[in-house]
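Please find below a colleague's note on the structure shown here. It is arranged as numbered points.

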Amino acid sequence: MGWPSTTLTGRTIAFLVAPYGAEQRQLASPWQAVAESGGTPRLLSTAPGRVQAVRQHALGDTFAVDGLVAEADPAGYDGLVLPGGVANPDLLRLDAAAVAFVRDCCAAGRPVAAICHAPWTLIEAGAVRGRTLTSWPSLRTDLLNAGAHWVDEEVHVCRDGPGPLVTGRGPADLPVFEDTLVTEFAHAAAKRRR
């Protein structure tokens with residue numbers, strides 16, 4: 001993709017997923033984008049060990065968990081990525097520690113990127129009211145009911161809040177989603193350094 005190798009140098013980016021159900025491409029591809037941009041991605045989950053990713057309706061690979069979200073301090077991260085998959089955000093929004101971590105990252109102005117069904121977790125965290133987002137089309141009504149403005153775009157950046165919120169519709173939009181999240185996370189990090 002050609003991300004600048006120094007864009008996120010020295011920045012640690014949290015990837016939060018449930019033990020089961022993260023869509024593999026939506027986890028692995030943004031992870032690679034962060035790493036190739038010089039950032040350090042860390043996988044947080046609600047249970048230790050490995051998480052089971054999926055490829056649509058089939059099992060995908062497993063990925064090693066770097067830390068438990070219940071023990072994670074949002075101040076230790078320069079951004080948060082929420083991969084999609086249907087089961088993944090549905091499980092996360094039932095976990096109090098995961099919801100609190102997302103809420104705290106958003107409230108602290110950390111840049112957050114969510115794709116596909118991941119905004120379900122943002123809704124549960126109370127982080128979408130007054131914000132403009134895109135998502136998988138089936139979340140439109142959920143987002144509207146939570147006070148968000150929904151747009152049908154491959155990627156949308158909302159700056160009407162404490163920190164930038166980058167959202168993408170789905171797997172087909174991953175390239176532009178990744179470029180945008182790297183750019184927005186780098187700009188947010190540069191602002192905090194000033």
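The points below treat the model and its conventions, the overall fold, the cores and the surface.

1. This is a predicted model, in which local features need pLDDT of at least 70 and side-chain atom pairs count only at pLDDT 80 or more, while totals for chains, interfaces and linings use all residues. Residues are numbered from 1 along each chain as its sequence is written, and side-chain values use heavy atoms, without hydrogens and water.

2. Six helices and twelve strands form the secondary structure of the chain; helices (H or I, at least four residues) and strands (E, at least two) are DSSP runs numbered from the N terminus. The C-alpha atoms fill a box of roughly 40 × 35 × 30 Å along the principal axes.

3. Buried residues (under 20% relative accessible area, 1.4 Å probe, protein chains only) make up 53% of the 194 residues.

4. The largest nonpolar core has 32 residues, of which L16, L80, L82, F101, V102 and L122 touch the most other members. Such a core is a set of buried Ala, Val, Leu, Ile, Met, Phe, Trp, Tyr and Cys residues joined through side-chain atoms within 4.5 Å. The elements giving two or more residues to this core are β1 (12-16), β7 (79-82), α3 (96-107), β8 (112-115) and α4 (119-124); α3 gives the most, with six residues. A second, separate core of 23 residues includes L8, L43, V81 and V182.

5. Leaving aside residues up to four places away in sequence, F101 touches A14, L16, L44, V69, A72, D73, P74, Y77 and L80, where contact means heavy atoms within 4.5 Å.

Technical notes
Buried < 20%, exposed > 50% of the residue type's maximum accessible area, 1.4 Å probe, protein only.
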